[in-house]
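Q: I'm new to this one. Can you walk me through the helix packing and the pockets?

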Amino acid sequence: MTEHKTEDLASQNSPRPLVDVRDLKVEFTLRKGLLSRVPLRAVDGISFQIGDGETVGLVGESGSGKSTTGRAILRLIEPTSGSVSLDGHSVTDMSRSELRKARRQMQMVFQDPYSSLDPSMTVGDTLAEPLKIHDGISRRAAQGRVIELLEQVGLARHHVDRYPYEFSGGQRQRIAIARAIAVNPKLIICDEAVSALDVSTQNQVITLLERLREEYKLSYLFISHDLGVVRHISHRVVVLYLGRIVEEGPVERVYSQAAHPYTEALLSAVPIPDPELQRSRSRILLHGDMPDPSSPPPGCVFHTRCPYAMEICRQVVPESTPVDGGGSVACHLQSSGTQPLQGASLAHLTATL
Ligand SMILES: Nc1ncnc2c1ncn2[C@@H]1O[C@H](COP(=O)(O)OP(=O)(O)OP(=O)(O)O)[C@@H](O)[C@H]1O
Ligand SMILES: [Mg+2]
């Protein structure tokens, strides 16, 4: 996979990030039995930024709150509290009609384009639809732009009259991407956008996303449970566990010197292509399931599965502290100055990822 990441991003010097998420919380209400209802905090006070032209990877196990975060940023789910701003405008304070207009700036690409594309619409109509909604352009007038979009995502102009079922999974994802870029958004949230594709198609779609990022000056929130894919596409990575950010930082630092035991465990589960190294490395296995998010453990939410848990971890929520090499971590091992975690196993792993 080719790397197209540019190091001197505008975001690093920019006084204002494109996306600014502050203390975002999303609570659902679960029915338990006939009468009782319990709150489930799927996202529990997270803050992070995405710079102009930056790709931020959002990782974590199933149920950690990745999709809820993505949807709450776009207000497809209403946040319970906290704020989200896009280019300095508060998305969380927008009225419904302001939000409708702002939606052109922020688009989403989902895992399964088959369910997100209307099977009864041709590709041409699918791509013309956002142009009609946002710019009032008729189907006929949009034809030129539709062909241009198709070509930009590597499809041919004769595909314009075909239906979703006539395409492969990778091609359908290209159509979904074309629909997302049609209205020149600033942010695209990709929720497991390549997860259903085989490895070589994944690589092609990632190369396409990289190219479009540069051409359209896009920023991505790239949600994925696949840390190998996230490493290739992201500049920075945010690690979620039970709705909280346990670690974030530049990809190079996080993958070579994970500061949180959870990140270390996630990384050690990524297979190494070299069988010799795969056999020799020590792995940090996560025991048990993630706790029930409707009754999270006290203290550090990870302590029930952490191989390094100390007494303080069972009682006190760890503060986020800066990490050498960039980013931050919320872990008592780090804030108490106890033994850093990165070991030879991780060095092996990251050398080959
Ligand atoms: N509409 C909903 N109503 C109630 N609970 C929900 C709802 N949507 C998500 N949840 C719960 O919120 C938590 C976070 O879910 P979310 O889908 O954001 O996780 P995820 O990290 O995207 O997982 P996955 O990798 O499986 O996609 C889970 O416990 C989930 O069961
Ligand atoms: Mg999800």
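**Helices, pockets and a cavity**

Q: How do α7 and α8 cross, left-handed or right-handed?
A: The crossing of α7 and α8 is right-handed. Keep in mind that this is a predicted model.

Q: Which residues make that contact of α7 and α8?
A: On the α7 side they are G170, R174, I177 and I181. On the α8 side they are T201, Q204, V205, L208, L209, L212 and Y216.

Q: And by class, what is in the contact of α7 with α8?
A: Seven residues are nonpolar, three are polar and one is charged.

Q: Where do α7 and α8 sit in the chain, and at roughly what angle do their axes cross?
A: Helix α7 covers residues 169–181, and helix α8 covers residues 199–216. Their axes come within 10 Å and cross at roughly 15°. That makes α7 roughly parallel to α8, because angles under 35 degrees count as roughly parallel.

Q: Why the angle and the distance?
A: Two packed helices are described by the angle between their axes and the distance between those axes.

Q: OK, on to α5 and α7. Within what distance do their axes come, and at what angle do they cross?
A: The axes of α5 and α7 come within 8 Å. They cross at roughly 25°. So α5 and α7 are roughly parallel to each other.

Q: Is that crossing left-handed or right-handed?
A: α5 passes α7 in a right-handed crossing.

Q: Which residues of α5 and α7 make the contact?
A: V123, T126, L127 and P130 come from α5. I175, A178 and R179 come from α7. By class, the contact of α5 with α7 has five nonpolar residues, one polar and one charged.

Q: What about α5 and α6? Are they roughly parallel or roughly perpendicular?
A: Helix α5 is residues 123–135, and helix α6 is residues 139–152. Their axes cross at roughly 110° and come within 9 Å. α5 and α6 are therefore roughly perpendicular to each other.

Q: Which residues of α5 and α6 meet?
A: α5 brings V123, G124, D125, L127, A128 and L131. α6 brings R139, A142, R145, V146, L149 and L150. In the contact of α5 with α6, eight residues are nonpolar, one is polar and three are charged.

Q: Switching to pockets. How much space lies in the largest pocket?
A: About 470 Å³ lies in the largest pocket.

Q: How many residues line the largest pocket, and which lie nearest its centre?
A: The lining has 17 residues. Nearest the centre are R103, Q107, M108, H134 and R179. The elements that give two or more residues to this lining are β6 (106–109), α5 and α7.

Q: And the classes in the lining of the largest pocket?
A: Eleven are nonpolar, three are polar and three are charged.

Q: How much space does the second largest pocket have?
A: About 400 Å³ of space lies there. The second largest pocket is lined by 21 residues, and R244, I245, P318, S320 and A330 are the closest to its centre.

Q: Which element gives the largest share of the lining of the second largest pocket?
A: β10 does, with five residues. β2 (36–50), β10 (244–250) and β12 (328–330) each supply at least two. By class, this lining has nine nonpolar, six polar and six charged residues.

Q: Last topic. How many cavities of 30 Å³ or more?
A: The count comes to one cavity of 30 Å³ or more. The largest cavity has a volume of about 80 Å³.

Q: What lines the largest cavity?
A: Among the lining residues are C300, C306, C313 and C331. The lining also includes H260, H303 and H332. By class, nine residues are nonpolar, three are polar and none is charged.

Terms used:
Residues numbered from 1 in each chain as written. Chains lettered and ligands numbered in written order. Predicted model: local features only at pLDDT ≥ 70, side-chain atom pairs only at ≥ 80, totals over all residues. Heavy atoms only, no water. Axes fitted to C-alpha atoms, helices over the stretch in contact; angles between N-to-C directions. Helix = DSSP H or I, 4+ residues; strand = E, 2+ residues; numbered from the N terminus. Parallel < 35°, antiparallel > 145°, perpendicular 65-115°, else oblique. Left-handed = near helix turned anticlockwise from the far one by under 90°. Contact = heavy atoms within 4.5 Å. Nonpolar A, V, L, I, M, F, W, Y, C, P; charged D, E, K, R; others polar. 1 Å grid on protein atoms, 1.4 Å probe; cavity = no way out; pocket = protein on both sides within 12 Å on 5 of 7 lines; lining within 4 Å. Points joined across faces, edges and corners; volume = space filled by probe spheres on them.
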